[in-house]
Structures are given as C-alpha cells and as structure tokens.
Amino acid sequence: MNAFWIATIGTSVIAFALKFSGHSMPQHWLENPKLQRVNALIPIALLSALVAVQTFTSQSKVMIDHRLAGLSVAIIALFLKAPFPVVVLSAAATSAAIYNWL
Amino acid sequence: MSRIDSVTARDSLSVSLTVGAYGVAFGASAVANGFTVVQSCLLSLLTFSGASQFAVVGVIGAGGSAISAIATASLLGVRNGLYGVIMAPRLKVSGLKRIVAAQITIDESTAVSLGAEARSPEAGRHGFWLTGAGVFLFWNLFTLAGALGAQAMGDARAWGLDSAVPAAFLGLVWPRLVSHADRVLAVVSVAFAIAMTPVLPAGLPIIATAFIAIAFGLRR
C-alpha cells in the first residue's frame, strides 16, 4: 500500500470517527470557552499555512513563481467579495496565463 | 416527515449546488497531485469534508508523508465532531440514521440547520438532512467530473491547477478572519510555514501551526 492509499483510508476513517464521536458525546463538553476558541483558531492556522506552502514552496524549497500571481488575483477577488468559484477560477486562469506565456 | 417549508428547501438546494460544484476543484487538484481517480472519489465519499480533503492532497502534493497528511486533515476534521455535539440533541437519531447523520455532519449542513431553526425546530432538522444529502450528492458527482477532467488535461500547471489549490484554501480561510487576532494568527502561520519549510520535513511546518493556534487560544 503506498502513501496515497494510506492517506486516503486513514483520513477517511478518522474523519468519520470524529463525526460519529461528536454525535455520541455529552453536550457539556462544548461549554468550555477556551476549547471553543481554540477550535475556531486551529482551522485558521492550518489553512493559512497550507496557502503559504502551496504558493511559496516547491519540494521543500522556497520559490516565487506564477502561483504568486494566481494567489494575488484570488486576494483581489476576495476583497471584491467575489463568490468562491470566481476566486478559484480567476487564480487558476492568471496562473495558467503566466505559466504558458511568460 | 412533515412538509418542508420553501425557504429551507431553497437554502438547502442553493448551498448544495454551489458547494458541490466546488468538488470539481477538489477532484482536479487531487489528480494533479498524484492521486488516482478512484482515490479522489473515495476521499469525497468517505472523508466528505472539503478542508480535510484539500489538506490531504496539499500535504502529499508538497511531498509530506501520509502520517502528516492524515494528522493535518484530522485536525481540520475536529470541528465536525463539535458540530456533531451540537446536532445530536436536535436530531435525536440512533442506529443507522445516526451513522448517516454523522457522515453528513459538515460546515454547511450544520450552518443551514442552525439558520432554519429560527423558523422552527422541524425546519432545522429538514435543513440538516436536505443540505447534508444535497452537498453529498453534488460534491461526489463533481469530484468525479473534476478528477476525470484533470486526468485528460495533462500538465496541471498549464491549466493553473497549482494555483487553484492555494486559492481554494484562501477562500476557505478568508471568511474566518473576523477579528484582528484572527488575522494576526493567519499572518504568523503563513510566515512560520514558509520559514520552516526548508528546515522541517514536508508536512510538519503545516501541522505545527496548530500549536500556534492553541497558544493563541489559551493566552487570551
């Protein structure tokens, strides 16, 4: 079994276990305000780190390339309150244009 | 089940379609990062949580190990467990129904449900089931379409797919950046992940930012 299969199955099993255990857990677990705050902050940190790694690195090296142009357009789209598909598509189109023609 | 009110039906359908369509981006980027079409579809069917799925693909795509991919995706999946805690007393289901409810407990089904609940507890339950089932259907159909499409495309970079993934992450995190502290955490996480990439094994710079989030959360 290669890394792709391990990641696919491992993630799926844990994802379901997390969902199901939530449905089977007493409700007072959620009342701790610090726990709630950490729960809101963890996705912010992880997703921001993923944006950074996917935009600025390649094979463990820091790299500035066509992806930065794509991300910049995505940021502009988000400031203009564009809907999600527009954000993704405009980033992809910009990045592809620069990759192909520069 | 009693009659479903039209506002709940409309909200559920529009959320299902827009979020589901975004499955194209997932299917395409999964294949672009080396996953097979079958693996991409299994992730959507079984994991069924957008941010976690993108994280698996992102970490593996960046050269990370399966373990760090699973760990990052699972940390992002913790919030679904908390949604489960919120939804369980409202749905009051057991057995097979609870298993189905758990699988479709995601951001969207919880959000539509809690919104619809303002009308009646029944509308809240309808919103949960309709949105969960609708997103599940469309998300999986569009994942397949995206995966097959990307397979036909060849070089992912020529189509901008290598930028679609970070743009998708950015689109997921953007609405969460409400307070000043949220934005500071985002910037710190970006800087940390970039700075640590040449130093730490791939995948670890991402997951390590969870500890920055915990420190931020406990400090205040």
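Predicted model: local features only at pLDDT ≥ 70, side-chain atom pairs only at ≥ 80, totals over all residues.

Biologist: Which elements of chain A supply the side that touches chain B?

Modeller: α1 (3-23), α2 (33-56), β2 (61-62), α3 (66-79) and α4 (84-101) of chain A each supply at least two residues. The most comes from α2(A), with 20 residues. By class, that side of chain A has 40 nonpolar, 19 polar and five charged residues.

Biologist: What area is buried between the two chains, and what do carbon and sulfur atoms give?

Modeller: About 6700 Å² is buried between chain A and chain B, and carbon and sulfur atoms give 75% of that. In residue terms, 64 residues of chain A are in contact with 87 residues of chain B.

Biologist: Let's switch to the chains themselves. What's the secondary structure of chain A?

Modeller: Chain A has four helices and two strands, and from the N terminus the order is α-α-β-β-α-α. Its radius of gyration is 19 Å, well over the 13 Å that the globule rule gives for 102 residues, so chain A is more spread out than a compact globule.

Biologist: What does the C-alpha trace of chain A span along its principal axes?

Modeller: About 55 × 40 × 25 Å. Buried residues make up 40% of the 102 residues in chain A. As for contacts in chain A between residues at least 6 apart in sequence, 24% join residues at least 24 apart.

Biologist: And how many helices and strands does chain B have?

Modeller: Eleven helices and zero strands. The radius of gyration of chain B is 18 Å, close to the 17 Å from the globule rule for 220 residues, so chain B is as compact as a globular protein of that length. The C-alpha trace of chain B spans about 55 × 50 × 30 Å along its principal axes.

Biologist: What share of chain B counts as buried?

Modeller: 54% of its 220 residues. In chain B, residues 24 or more positions apart account for 73% of the contacts with a separation of 6 or more.

Biologist: Let's zoom in, then. Which residues of helix α7 in chain B are buried?

Modeller: In α7(B), residues 107-116, the buried ones are B:Ser109, B:Thr110, B:Val112, B:Ser113 and B:Ala116.

Biologist: What do the buried residues of α7(B) pack against?

Modeller: They pack against three helices of chain B, α1 (6-21), α5 (66-91) and α8 (121-153).

Biologist: I was also looking at B:Ser44. Where is it?

Modeller: B:Ser44 is in helix α3 of chain B, residues 37-47.

Biologist: Why does B:Ser44 count as buried?

Modeller: Because its relative accessibility is 0%, and the cut-off for buried is under 20%.

Biologist: So what does the side chain of B:Ser44 make a polar contact with?

Modeller: With the side chain of B:Gln53, at 3.0 Å. Not counting residues up to four places away in sequence, B:Ser44 touches B:Phe26, B:Gln53, B:Phe136, B:Trp139, B:Asn140 and B:Thr143.

Biologist: New topic: backbone. What's the phi of A:Lys81?

Modeller: A:Lys81 has a positive phi of about 60 degrees, although it is not a glycine. A:Lys81 lies in the loop between α3 and α4 of chain A, and at 73% relative accessibility A:Lys81 counts as exposed.

Biologist: How about B:Phe48, is that one buried or exposed?

Modeller: B:Phe48 counts as buried, at 2% relative accessibility. B:Phe48 is not a glycine either, yet has a positive phi of about 45 degrees. Its place is the loop between α3 and α4 (50-61) of chain B.

Biologist: Last one, back at the interface. What is A:Ile14 in contact with?

Modeller: Leaving aside neighbours within four places in sequence, A:Ile14 is in contact with B:Ile70 and B:Ser74. A:Ile14 is in helix α1 of chain A and is partly exposed, with a relative accessible area of 33%.

Technical notes
Residues numbered from 1 in each chain as written. Chains lettered and ligands numbered in written order. Heavy atoms only, no water. Contact = heavy atoms within 4.5 Å. Buried area = accessible area lost by both parts, 1.4 Å probe. Nonpolar A, V, L, I, M, F, W, Y, C, P; charged D, E, K, R; others polar. Rg over C-alpha atoms; globule rule 2.2 N^0.38 Å. Buried < 20%, exposed > 50% of the residue type's maximum accessible area, 1.4 Å probe, protein only. Polar contact = N/O pair within 3.5 Å; in protein donor to acceptor, adjacent residues only side chain to side chain.
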